[in-house]
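Hi,

Here is the structure I promised to pass on. Have a look at it first, and my notes follow below.

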Amino acid sequence: MGPWLDAFVATFGLIGLGALLRRTLLPDLAVWAGMEKLVFTLLLPALLTASIGAVDLATLPIGGMAGTIWGTLLAGTALSLVLARLLGHGHATATSVLQGGIRYNNLMAFAVVGAAHGQAGIAFGGIATGLIVPCVQVVITLAFAMGGDRRPNPLRLLRQIATNPLLVACALGLALALVGGPPPGLRGLLKALAQGSLAIGLLCVGAALTPGALAARPLTQALTGALKLFAMPAIAAALAHAIGLEPLAASIAVLFMAQPTASTAYVQARAMGGDAPLMAAMITTQHIAAMLTLPLWVLLLAR
């Protein structure tokens, strides 16, 4: 019961505090935008670099995790696109359904697996992030590029992938792991930066929630939320079982797939021509629903 309480009271408490601060003490959107940028470009990459760099890669079932995670993401992509078509949505709304169906809140994921599984959970979470982020970003970028008058631009796609701070951090962490871990001095600096990433990041998640958008396309929200919070982790659990993935790695893969969609999905939808109001609504409703669904998945995985 202790790890369960640590995982969810702390996580959702910080999200709730962020929502409260956004509406009282820190109403300036520029403040939160700056904090989000700090987390995305420095603090979370430091967490990834430190956690991946400290592990012995030879002992991790990276192949099994890749099969589980990539298989789940591909299935989720197909289901999201089928769902959008069945609901009769155009390209803009379909991209938001896709983001709502396969993206995940990595800050919440690290908070949950770290509290439930300790440093081993963080290490496996770093590997999971390194597998998820490039796959998701390629799929989402292609989905936006294929609509309207746009045509895929391979050079722009490669540039976006190569300059993604999370991918750069994963690559750096892998390089450090191959040489035995971060050297003294750098290890301490990365640890200090990493300690601030989850708390500040979860406050930003709470500040980004938009209750006023909840009424947008309720059926689409409900079905996409069911896909993200129930179907995706169930698919991951089935694939992990079929592959024979070890229990801890399987648990991390399922918990990452069970996260609500990324709060940054709204920014991407607004910048690239998606249905931004619907995306804002999905982010909010999925985070609220995750307060109930995530504990259920943790309890199921603990059995």
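Let's start with R217, which is partly exposed at a relative accessible area of 41%, while D275 is buried at 13% (buried is under 20%, exposed over 50%, partly exposed in between, with a 1.4 Å probe and protein chains only). A quick caution: this is a predicted model, so local features need pLDDT of at least 70 and side-chain atom pairs 80 or more, while totals for chains, interfaces and linings use all residues. Residues are numbered from 1 along each chain as its sequence is written, and side-chain values use heavy atoms, without hydrogens and water.

Back to that pair: R217 and D275 form a salt bridge, with their closest N and O atoms 3.7 Å apart (the rule is a side-chain nitrogen of Lys or Arg within 4 Å of a carboxyl oxygen of Asp or Glu). The count by this rule is one. The two residues sit 58 apart in the chain, R217 in the loop between α8 (186-208) and α9 (218-243), D275 in the loop between α11 (265-272) and α12 (276-302) (helices are DSSP runs of H or I, at least four residues, numbered from the N terminus).

Then there's the largest nonpolar core, with 77 residues (buried Ala, Val, Leu, Ile, Met, Phe, Trp, Tyr and Cys joined through side-chain atoms within 4.5 Å). Helix α5 (residues 106-145) gives the most to this core, 21 residues. A second, separate core has five residues, among them W32 and L203.

Cheers
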